Amino acid sequence: MSAPQGQVPVTVRTFAQRFSATRRGARLARLLSVHQLTAWGLSPGGDGHDAAVLVVAELAANAVLHGRVPGRDFAVRLTYDERRGVLEIEVSDTHEKCPVPKAPTSEDEEGRGLLLVEALADRWGIRERRGPGKTVWARITEAR
């Protein structure tokens, strides 16, 4: 008789939620992401946690300000591979136009967000999504 097999620990965790395409929805996306990252053991003040929160906040704000289609929500999906220390962030909206990072001038009051995402993420990009719109994603490797 063989010994019973223990459960294999879960190493990939996922959080997905839809939000109203409003400033309140963007704020809630950031707050729930903070809560989820902390529950997964990414400590506030750590490089991976803080970078992820800023990326979620920026991409959610972009979905609300630039990707908003009246009557449509946006979605946030976090996938954390604990074994590899990799967090994937996806924010999907229903607007067809893809964001383009640009170097803002000193007079610009906006336009720095994707530059921030580019600086904080190991990789990021844009892809089509099922249905109308696009998904902006970012990958952050947690510092060990």
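A residue counts as buried when its relative accessible area is under 20%. The model shown here is predicted.

**The central strand pairings**

Select strand S3 (86-93). Val86, Glu88, Glu90 and Ser92 point one way from S3, while Leu87, Ile89, Val91 and Asp93 point the other way, and all are buried. In a regular strand the side chains alternate between the two faces of the sheet. Eight of the eight residues of S3 are buried, so this strand is largely enclosed by the rest of the structure.

S2 and S3 pair in the antiparallel sense over seven bridges; Thr79 stands opposite Glu88 in S3. Four residues lie between the strands in the hairpin of S2 and S3, where Gly85 takes a positive phi near 70 degrees.

Now select strand S5 (134-141). S3 and S5 are antiparallel and paired over eight bridges, and Val86 stands opposite Thr141 in S5.

**The whole sheet**

Display the remaining strands as well. In what order do the five strands of the open sheet lie? The order is S1-S2-S3-S5-S4, with antiparallel pairing. Strand S1 (12-19) and S4 are the edge strands, each pairing on one side only. Neighbouring strands of this sheet are turned by 15 degrees against each other on average, direction ignored.

H2 lies across S2, S3 and S5, and runs at about 10 degrees to S3.

Then move to helix H3 (residues 113-120), in which Gly113, Leu114 and Val117 are buried. These residues cover an arc of only 95 degrees around the axis, which puts them on the same side of H3. An α-helix has 3.6 residues a turn, so residues three or four places apart point the same way. The cover over the buried residues of H3 includes H2, strand S4 (123-128) and S5.

**An aromatic pair**

Finally, show the side chains of Trp40 and Tyr80. Two aromatic pairs are found in the whole structure. One of them, Trp40 with Tyr80, is stacked, at 6.0 Å centre to centre and 15 degrees between the planes. Trp40 counts as buried at 11% relative accessibility, and Tyr80 counts as buried at 4%.

Conventions
Residues are numbered from 1 along each chain as its sequence is written. This is a predicted model: local features need pLDDT of at least 70, side-chain atom pairs count only at pLDDT 80 or more; totals for chains, interfaces and linings use all residues. Side-chain values use heavy atoms; hydrogens and water are left out. Rings of Phe, Tyr and Trp (its six-membered ring) pair if their centres lie within 6.5 Å; planes under 30 degrees apart count as stacked, over 60 as edge-to-face and the rest as tilted. Buried means under 20% relative accessible area, exposed over 50%, partly exposed in between (1.4 Å probe, protein chains only). Helices (H or I, at least four residues) and strands (E, at least two) are DSSP runs, numbered from the N terminus. The arc is that of the directions from the helix axis to the C-beta atoms. Contact means heavy atoms within 4.5 Å. Two strands pair if DSSP finds at least two bridges between them. Axes are lines fitted to C-alpha atoms, for helices over the stretch in contact, and angles run from 0 to 180 degrees between N-to-C directions.
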